Amino acid sequence: MIRHQQNSPPIVYKNANGKGVQVEETRIAVIMVGLPARGKSLIAQKVVRYLAWLSIPAKCFNVGSYRRNDTPQPTAEFFSKGNSEGERMRHAAAQAAVKDMVKWFDSGEGVVAILDATNSTKARRGWVAERCEANRIQTLFVESKCDNEDIIMANIMEVKTTSPDYTGQDPEDASQDFLNRIREYEKVYETIDEDEKHLTYVKLIDVGRQVIINQIKDYLQSRVVYYLMNLHIRPRSIWLSRVRNLPQHITTSGYPPLIVFLQHGESEYNLSGQIGGDANISERGELYAKALPELVAKSVSPDQKLIIWTSTLKRTNQTARYLASSSKGYDKLEWKALDELDSGVCDGLTYQEIADQYPEDFKARDDDKYNYRYRGGESYRDVVIRLEPIIMELERSENIIIVTHQAVLRCIYAYYMNVPQEQSPWMEVPLHTLIKLTPRAYSTQEERFRANIPAVSTWRGKGSTAKHQ
């Protein structure tokens with residue numbers, strides 16, 4: 001084990017190329033495949049967000065966005081096999097998207113691109129594969145194949161009725177037209193089969209119920225596949241009224257999954273301005289812990305069962321104990337991965353003491369807080385790496401309340417809200433505030449609930465004084 005000495009220079013950790021991967025000339029195109037309303041765009045956006053969180057440059061090229069430049073609100077007839085002009089325009093949109101994708105790779109900015117389209121025929125997939133091969137781009141085809149009516153209908157109502165294709169239209173008419181569009185695609189759709197066994201691909205059956213993998217070639221492709229295998233997109237209850245030819249009610253899981261997270265109650269170290277440690281909560285922190293059951297009850301539907309996750313440190317367990325013992329009967333689980341960022345030799349010091357004893361480190365951390373690693377401790381980048389199993393479990397789970405620490409919360413929040421990594425260490429995460437996140441199709445809805453219990457501020461702005469307020 002290598003230990004850093006107290007008189008060693010400040011450590012700023014970066015990967016070989018600063019992009020979160022060690023492979024030079026990495027160019028991977030993730031090609032989405034599948035009928036409309038199968039969650040392709042949701043999967044594409046999640047993959048981009050996940051890779052960006054790992055500091056791997058990724059970008060989504062949505063063919064529909066290119067098509068809307070010339071045909072902003074087409075009817076289902078536009079997608080008919082017999083509509084030659086519609087076919088020409090759709091192919092032109094695909095060509096424009098692929099051209100921009102290649103240009104993005106050639107600029108040196110990109111590592112992973114996601115081509116978000118139906119790519120529903122073998123001929124179209126062959127054309128995309130040829131274009132990529134000609135430009136030294138590896139391909140990973142991701143087919144979302146789903147016949148579960150609940151999932152399809154939930155997707156139609158939550159996503160497609162708010163799609164730019166139907167802006168300003170009656171939801172009833174929009175839903176019916178989209179169903180007709182799906183039928184047009186079904187007439188020509190060809191699933192990936194044995195004829196395409198030369199391709200590298202992943203088939204997600206019913207959004208993760210079954211996964212088929214073929215010819216995964218390298219580390220980064222395997223990371224994407226690992227993430228896809230952990231996605232479990234659950235539909236929620238949708239009540240439909242006055243929508244022609246649709247079932248009146250789809251029975252699924254009740255409510256969309258949510259993540260509630262909060263920093264531990266104010267601690268004794270918070271009062272003294274010290275960082276790290278394993279301090280107890282303060283008197284006001286204790287009041288906050290007692291108020292938590294009521295605060296959670298105000299923010300969560302009464303029939304939604306939560307599982308509590310805490311770190312292994314005293315201040316999070318003390319904060320969660322009244323919630324865990326409440327009449328709701330919440331289960332509780334400790335995660336070592338949720339422990340606060342390890343501040344190494346600076347553990348237990350105030351920021352002023354760090355500035356006095358390690359002035360070079362104090363400046364280095366201000367200059368690049370995400371990559372700076374405390375001597376004998378961790379960087380924010382290190383925390384992201386150890387949080388990856390937490391993120392995977394969150395993607396598979398529903399209704400979690402996380403009681404943890406400032407740096408850890410910043411990293412988790414950055415994942416869900418797509419905050420650039422260089423900004424995430426500077427976000428303010430106030431004490432005695434509950435943050436509720438509800439993941440949706442293209443974004444995450446955020447709500448905050450503040451307890452009426454004072455607490456010190458643990459936030460320090462970049463370049464600000466180190467003196468504890």
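Leaving aside its neighbours within four places in sequence, which residues is Cys-132 in contact with? Select Cys-132 and look around: you'll find Ala-29, Met-101, Ile-137 and Thr-139. Keep in mind that you're looking at a predicted model.

Stay here a moment. Cys-132 sits in helix α4, residues 122-134. With a relative accessible area of 1%, Cys-132 counts as buried, because the cut-off for that is under 20%.

Colour its six strands and read them off in order: β3-β4-β2-β5-β6-β7, an open sheet with mixed pairing. On average, neighbouring strands are turned by 15 degrees against each other, direction ignored.

Zoom in on β5 (138-145) and β6 (201-205), which pair in the parallel sense over five bridges. Pick Ser-144 and you'll see its bridge partner in β6, Leu-204. Helix α4 packs on this sheet too, touching β2, β4 and β5, and its direction makes about 155 degrees with that of β5.

Last, select helices α1 (40-53) and α7 (219-230): they pack at about 125 degrees with axes 11 Å apart, which makes α1 oblique to α7. Among the residues making the contact are Ile-43 and Tyr-50 of α1, and Val-224 and Tyr-227 of α7. By class, this contact has eight nonpolar, no polar and three charged residues.

Notes
Residues are numbered from 1 along each chain as its sequence is written. This is a predicted model: local features need pLDDT of at least 70, side-chain atom pairs count only at pLDDT 80 or more; totals for chains, interfaces and linings use all residues. Side-chain values use heavy atoms; hydrogens and water are left out. Axes are lines fitted to C-alpha atoms, for helices over the stretch in contact, and angles run from 0 to 180 degrees between N-to-C directions. Helices (H or I, at least four residues) and strands (E, at least two) are DSSP runs, numbered from the N terminus. Angles under 35 degrees count as roughly parallel, over 145 as roughly antiparallel, 65 to 115 as roughly perpendicular and the rest as oblique. Contact means heavy atoms within 4.5 Å. Ala, Val, Leu, Ile, Met, Phe, Trp, Tyr, Cys and Pro count as nonpolar, Asp, Glu, Lys and Arg as charged, and the others, Gly among them, as polar. Buried means under 20% relative accessible area, exposed over 50%, partly exposed in between (1.4 Å probe, protein chains only). Two strands pair if DSSP finds at least two bridges between them.
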